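Good morning, and thank you for coming. Please look at the sequence and the structure as I put them on the screen.

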Amino acid sequence: MSAVPVAELFDVEHDPDAYIALHDALDEPASDQLLDKREREVRARVRAVVALEVAPRAADLDRTHDFAHDSYQALASAGLAGLIFPERWGGTADSNVAYAVAMEEITAACPATSLVYMTQMHAAYPIWRAGSEELADRLIPGLVDGSRYGSLGITEPDAGSDAAALRTRARRVEDGGDVTAYRITGGKTFITTGDRSDVIVCFATVDPAQKRRGITALVVEGNPEGLTRSQPFEKMGMHGSSTAELFFADVEVPVGNRLGAEGDGWPVVTASVVKSRVSAAAQGVGIARAVYARTLTALHRIHGPALPDDLTFSLAELRGEILRGRLLLLAVAREIDVAETPSTGRIGIMKQTCTDLGWHAAVEAVRLLGPFGDLADVGVERYLRDAKVTQIYDGTNEVQRLLIGRDTASNIKDVL
């Protein structure tokens with residue numbers, strides 16, 4: 001073994017040129033065939049900003065648990081935080097494929113920053129699709145340029161993957177028979193950026209007996225009376241992204257902040273999770289690519305140009321798995337761009353497969369590096385900790401398997 005100092009086994013995150021050169025070398029022409037010219041340009045722009053502004057901060061954010069504000073603001077300042085949104089709100093009207101590529105790039109450098117980045121999109125997207133023009137004009141530009149932080153308020157202590165079971169209530173405030181506002185009472189948990197968001201898309205029910213038909217989406221702005229927040233949770237990973245509980249005690253929201261009609265919240269939820277599952281899948285591929293790059297670099301610095309066959313074979317297997325994951329991610333993202341009703345089953349396959357890939361690749365990287373895999377300076381242990389939650393949020397992978405099974409049964413019921 002080489003006597004390379006541990007800190008030098010992987011040190012390119014502090015050298016933007018070296019970082020870009022390494023990841024350029026790991027690009028796969030096969031998956032690049034699924035990208036058009038504009039999507040490749042987006043990847044190059046994101047990679048350049050990431051190399052300069054995101055990668056150098058990542059390890060410190062994990063160590064200090066500081067919020068990834070500066071890293072996100074760098075992406076927003078470069079005009080990269082509103083890829084799928086129309087230009088009138090500061091977006092660039094790019095494809096979901098471009099967004100997936102950007103998410104992979106950001107995640108490869110800092111998964112926690114990618115979680116902040118995707119949460120901004122997840123908060124803005126339902127406002128775009130179901131909010132009034134006035135509401136969208138007022139709120140989306142701030143979410144895109146980083147002057148506002150947003151959260152999606154779905155999960156409750158007794159309503160996680162089964163969002164239809166939520167119990168947060170929205171009671172009507174009426175004037176002369178007309179609904180003028182709603183008062184929200186209840187609690188939300190595991191809310192990303194919940195400790196600091198001033199745009200919260202809160203899903204509540206006007207009548208629990210109606211189950212999905214009672215769910216209504218309401219946008220809570222700022223820090224209104226009755227809204228309190230917990231301190232951020234201490235978590236295994238994603239330390240640069242905060243996660244907190246929200247408590248609503250008769251928080252009044254004007255009717256103009258409702259997304260769609262009363263009781264139309266469930267379609268807003270289902271449309272939103274399509275986007276969030278693209279995000280999680282891209283995180284899985286980004287994590288896998290990052291640990292592969294770190295492991296490949298470190299092992300060559302330990303062993304020299306020629307690696308033992310067992311390491312070569314394992315790295316070859318990882319490379320193939322990452323390519324397959326990326327092809328799946330890009331193909332389903334393209335389907336979302338072109339299909340009127342994207343397949344729930346294929347979206348589930350994408351989310352489950354790609355996030356399982358990220359976890360498996362991180363575990364394998366730790367194994368291949370032996371004693372070095374446990375060291376923070378090499379960095380794969382951070383990705384291992386960050387990877388686990390991607391299998392849990394945006395619909396657990398167990399739920400994805402249920403959705404895939406139901407979709408399969410539906411597709412073949414007429415031929416059996």
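Helix α4 covers residues 69-77, and its buried residues are Ser71, Tyr72, Gln73, Ala74, Leu75 and Ala76. Buried means under 20% relative accessible area, exposed means over 50%, and partly exposed lies in between, with a 1.4 Å probe and protein chains only. Helices (H or I, at least four residues) and strands (E, at least two) are DSSP runs, numbered from the N terminus. The model is predicted: local features need pLDDT of at least 70, side-chain atom pairs count only at pLDDT 80 or more, and totals for chains, interfaces and linings use all residues. Residues are numbered from 1 along each chain as its sequence is written, and side-chain values use heavy atoms, leaving out hydrogens and water.

Against which helices do the buried residues of α4 pack? They pack against α3 (37-64), α5 (96-109), α6 (111-130) and α7 (133-145), where contact means heavy atoms within 4.5 Å. Just after α4, Gly79 has a positive phi of about 75°.

I turn now to the strands. Strands β2 (residues 169-175) and β3 (residues 178-192) run antiparallel and are joined by seven bridges; two strands pair if DSSP finds at least two bridges between them. Arg169 faces Thr185 in β3. Two residues lie between β2 and β3 in their hairpin, and Gly176 in the turn has a positive phi of about 65°. On β3 there are also 10 bridges to the antiparallel strand β7 (residues 243-254), with Ala181 opposite Pro254.

Finally, Trp359 belongs to helix α10 (residues 344-369). Trp359 counts as partly exposed because its relative accessibility is 27%.
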